Amino acid sequence: MNGTPRLRSAFPQTPQTTQRLKQQYQTPTKARPRPSNELKSPTKAAQNGDTPLVPTQLIDAPSQRLYVVTLYVAINAWKVYESWTASDDLDSTWLFLKWIFIDGGFLFGVQALRIPWIEWSFATTLAVFLIHVAGNVFLMFRIPIPVAAWISGFFKLFWDREISISERHVKPGDIIHNASLILGKQIVHILPEGSAILNPDRIPLCLDAHHTSVELPIRVNQTDPILIELLHIDLDTQKNETISIPSRQLKQMKRQAEKQNGGSRSIQHRDLLLPVKKTGLYRLQRVVDESKLDVHMRTSDSVVVSCPKALIKQSPVHKCKGELSNLILEVEGTPPLKIKYSRQVNQRERGISFQNIQPDGLNSPLLSQKTPAALFNPKQLDISWAQSQKIEVPLNESLNVGGEWIYAIEEVHDGCGNVANYSIYLDESDRVSKALAPLQQFSVHERPRLSLTGCNDRNFLQTARGEYIDLPTNFHPSGQGYSQDGPFTFSYSFNGIENGTPKPRQLSIKDLNQKTQIKEQGWYTLSSVSSQFCSGEILEPSSCYLHNPPEPELAVKYEKIFDKCANNSVGLLVDLDLTGSPPFRLRYTIEHSKGVETKSQVIEGLRNQLDFTPKEAGFYRYRFLDISDAVYGPRSLKDSTPVLEQDVKPPASARFIGSRDVRKACFGEPVSADVSFIGESPWTLQYELIHNGKRTKHTLQSEDAMATITTDQLMSGGEYTLTLTSIQDRSNCKRLLKDSVRIDARSKPPHVAFGHIDKKRDVSALQGSKVEIPLRLSGERPWTVKYKNADTDSHLVEKTFWEANSKLSVDQEGRYELVEVSDASCVGTIDPSANIFKVSWIPLPRILSVDNVAIGENRKISRPDICQGDDDSLELRLSGNPPYTVRYEQQRKAISGSSSVRIQSLRTALGATTVEMDTSDPGIYTYRFTEISDNLYDNDPRNQNPVVVTQRVNALPSAKFDSPGHIYGFCKEDSSGEEYIPITLTGVPPFSLEVSIKHHSNSKSETVSIPNINSNRHNLAIPRRHLDLGQHVVNIQKVRDGRGCQWTTEVDVSSVRISVSDVPTIIPLESKTDYCVGERVSFSLSGTAPFEIFYTFDDAQRKAKSHDTNFRRIAERPGEFTINAVSDGASGKCKAHKNISKIIHPMPSVKISKGQVSVVDIHEGGEAEIHFEFWGTPPFEFTYIRSSNARKGKKAEVLDIKHDISYDHVKTISTSDEGTYEVVAIKDKYCSFSSQQPIGKSNKATTRS
């Protein structure tokens, strides 16, 4: 057998014991040679044999290993179970010893079995046994395994945070490895020889009256010149001259350049500023340095010209709308020029315009996009292009908007780049500054527009002859308006009727509202209009005709009107012929015996007729006073018209006075009719009364102009006709009459009586309901019935009915009596046997008494106070028709807060019931019995005075600690005999209180009674005799107030704890006082965790917590750290006051070149200064390196490392070697810092101290 078969991924085959055992079961083959190391004696091979104790033929090796592992797992499960069930320390010790022997026997017994793969050496077995012993210690004595510490250590690999002295979580790496402590580097370059150039930045330069001198820059690079010569060419004369800068002026220019550079030599170049006061072309001619060698000069000409300027030539300040601006801009400067101007209309910008200006045939190097370095050729000298030229630019823009226009020049640019900026003066508010800006301000006025209104070719003006009238001119609005442009002038032509030649006339008015008056008849035509500034436009209608109509006149013709019987004049008929403009108004008077009467007549046409026929006899005189028409006022007619007179005697006549409608007559009543007479008294009147075809004639004599005809009693119903037949007056002329009046007479009077209800005139009904009493009526509708309630002595009530069988609706009980009745026209009669009807109410249900107390007039009952939660009820007695339903409002008004209302109801079949009182919550309870109904009545809505029962439910008193759950820490060393715990009580004092005090080591609590507490806040005094060292729980058990209400609780949720303990201690782990930023300050604590440490840092009081006996903080910034006090979890408010101080020093820092990367260029053999600035506590030790300057694609190489000491905060080192200098390490009196790992140097690097 070769061994147990195994997969490729399984364990290797079980190792075989000896070669001899391997071959004893194999088929013999040829002999094999044996190695020399296998030649052993049979005895020694038998002694060293390691075959399993249990033969593998009986149980194979893998199965043996499986059985051993299974037994090992079972033993350890049994071990864990016994550890979990151990009751005390003695039991744990016995189990520890027990399992030591079990584990030792198992581990050493497994080695005796010699099972492959678990056959270990004695040392390995002993080590595994000791590991099991240590595990048994943790398991049997239940020592916690620091799993949290292991997890925390693993977590810190990825999240390394510590608490600093300022109680913030910080990264120690950010504090310890602070790259900002070493800043800056300096790069030294060795440059070739220097150079010079004139005005390299092409700065535009110009001169004028305000700028008489400009500074011409000369840039020198890496050189110190001692001689500078320039070539100057005058622009006007084209003469050249050589300018040599004196040495004194040159030194002053160099000092000025160094001052501008801040005294730093790191800047590559210097700009020497040469003041020049002449215009012209400038070119560098020669530059000599300190070595008296010529410096390389780059060609760069510079031109100084006259500054550009511009102005606007004066033009009129008043212009008219529609005209052109007609402005001229005069620009002066070196071409090509560019001008920028703006327009502003009525304080609103109307855009900005640019114009490029240059003269014809200009040939200038300034026209090219890139200005050449050399601006002239000495051989062919022509610099006329640089001379200042004056150019006029016309501006003709349409002025299409009225108002204030402002043209302003903002900027002028010349060809060299000089800019004259006038906009700064435009933005100034004062007038003096604005006067410096070239601008032109003028007003654009609207053109007036005039026409006539209310008069044209069809509608003429009319006025009385010789009177004036306003010419109806109308100025039309336009744009911004022109009302302020007066005076205005307009002309018109007049063409009269008599003279056909038009006459021109011209008028001037001050404002638009002024009118011109005219009076001559003829045509008026507008021809022109203008304001003070502009001519205007005449609109239609522009012509008007003024007409003077004739004055009104009157011609009168009249004739008399005669009576045929008496041949008397009875009136006048007057014909009127009028002349003028209708309508006419004619006034005249009528004089008669009763006085003078003035009348007015409006006549619409030219002819009219007046009928003067008076109704009464007498003498009449008619006078025409005056006449007026549509144009002329009243014109007197005194002398132009006759006075008319007549003596009138009218014929006899009579007629009825009043309405001609059919007159109604009641049964048995006479009828009267008034008659008026005309003529001369006395009168004799004959009339007839016609009924059913019968005529009854009557005669009436009267001396008065009015009389009354009265008929006999009309006892027969039907239609009567009263007719006037004839009349005769003093003239004895009898005249027939036809006037008549119809009379409708009633056959019987109207009648009323009460009907029956259930064959009687008496009814009982529900209170408040409407009772309909039957009425029986006869006559003509509608009927008006007056009745009264005899039992209440009420006033009469009048109602109208339209039906013969109507119903009288009443809602009050009593005896109703009919008093009067009338129909549409007559008063009727009442049946005396049916004129009274009785109505009575069924009694309403009501509450008779509450708790055997009768209901009084105020219907309010107060019950005694009761405590919250006590049982109470009230008894109601009712009257009515059972069953009853009672609804009441239960209103609870809290002692403080809003009220709540609940609607409740109860039903009872008896006349007495009980209502349970609500005492669940405190407050004032009001029970308002608002509705009561029985078998007949639902509810009386008119019952506005319900029965009200009130009762006060007093709240149960309560008591609670002001800080529930709070632990009051009392110190063991405190010598005071009592401690106070604040309690808040609710209710009415005095209170009595019971509290229980329970110590954590005693299962029985101790009860303390506190009587006569006279306020709602009380400081509970706990006598020291009730407090021992340790924890106490204080609970409130019972409280009773002055109203007798008591509150008891089994569990007090507001209980507090009292801890009596010793004070903790704190000791620093290091004796040193000085620390650096980034170091950790550690202390050891003694007491009961958690601890509270009170300390001061940077004059700020702070508090920290520690959950173990170590207190450590990392110092993230400098300052003084002082431990003031410490308290632990057992001592509560007790503190151990300390004064342990530590000084935290800042890390030293250094800067090269003010912390920046600076580049210094020097000549070969020159020197550069390296400035070091230190912060910290001197002396300073620092290490700096010089490395090769970085080149593209090549890493910098360290060339030199140097160490140095500075006893001051500033140090300067001179060097002439090229390279990059930077500090890598710094150390002061207390702290040190290095920014790199150990530095590897090249073979060329040297170390010098």
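The side chains of Arg-219 and Asp-201 are joined by a polar contact of 3.1 Å. A polar contact is a pair of N or O atoms within 3.5 Å; within protein, one must be able to donate a hydrogen and the other to accept it, and residues adjacent in sequence count only if both atoms are side-chain atoms. The model is predicted: local features need pLDDT of at least 70, side-chain atom pairs count only at pLDDT 80 or more, and totals for chains, interfaces and linings use all residues. Residues are numbered from 1 along each chain as its sequence is written, and side-chain values use heavy atoms, with hydrogens and water left out.

Arg-219 belongs to strand S7 (residues 214-221). Helices (H or I, at least four residues) and strands (E, at least two) are DSSP runs, numbered from the N terminus. Arg-219 counts as buried because its relative accessibility is 18%. Buried means under 20% relative accessible area, exposed over 50%, and partly exposed in between (1.4 Å probe, protein chains only). The Arg-219 side chain also makes a polar contact of 2.8 Å with the side chain of Asp-271. Neighbours within four places in sequence aside, Arg-219 is in contact with Ser-195, Ala-196, Ile-197, Pro-200, Asp-201, His-269, Arg-270 and Asp-271. Contact here means heavy atoms within 4.5 Å.

Four strands form an open sheet in the order S55-S52-S50-S57. Its pairing is mixed. The edges are strand S55 (805-810) and strand S57 (829-830), each of which pairs on one side only. Two strands pair if DSSP finds at least two bridges between them. Strand S50 (residues 751-754) and S57 run parallel and are joined by two bridges. His-751 has Thr-829 as its bridge partner in S57. In general, strands of a sheet pair through backbone hydrogen bonds, either parallel or antiparallel.

Two cavities of 30 Å³ or more are present in the structure. On a 1 Å grid over the protein atoms alone, a cavity is a set of points where a 1.4 Å probe fits but cannot get out; lining residues have an atom within 4 Å of a point. Grid points are joined across faces, edges and corners, and a volume is the space filled by probe spheres set on the points. The second largest cavity has a volume of about 40 Å³. Its lining consists of Tyr-1184, Ile-1185, Arg-1186, Asp-1200, Lys-1202, Thr-1215, Asp-1217 and Tyr-1221. Strand S89 (1180-1187) and strand S90 (1198-1206) are the elements that give two or more residues to this lining. The largest share, three residues, comes from S89. By class, the lining has three nonpolar, one polar and four charged residues. Ala, Val, Leu, Ile, Met, Phe, Trp, Tyr, Cys and Pro count as nonpolar, Asp, Glu, Lys and Arg as charged, and the others, Gly among them, as polar.

Cis peptide bonds were also found. One joins Glu-540 and Pro-541, with omega about 0 degrees. Pro-541 sits in the loop between strand S31 (537-538) and strand S32 (543-547). Another runs from Arg-781 to Pro-782, with omega near -5 degrees. Pro-782 sits in the loop between strand S52 (771-778) and strand S53 (783-789).

Positive phi values occur at residues other than glycine. Asn-1012 has a phi of about 55 degrees and is placed in strand S73 (residues 1006-1013). Asn-1012 counts as exposed, at 62% relative accessibility. Lys-1154 has a phi near 60 degrees. Lys-1154 lies in the loop between strand S86 (1149-1152) and strand S87 (1157-1163). With a relative accessible area of 64%, Lys-1154 is exposed.

How values were computed. 1 Å grid on protein atoms, 1.4 Å probe; cavity = no way out; pocket = protein on both sides within 12 Å on 5 of 7 lines; lining within 4 Å.
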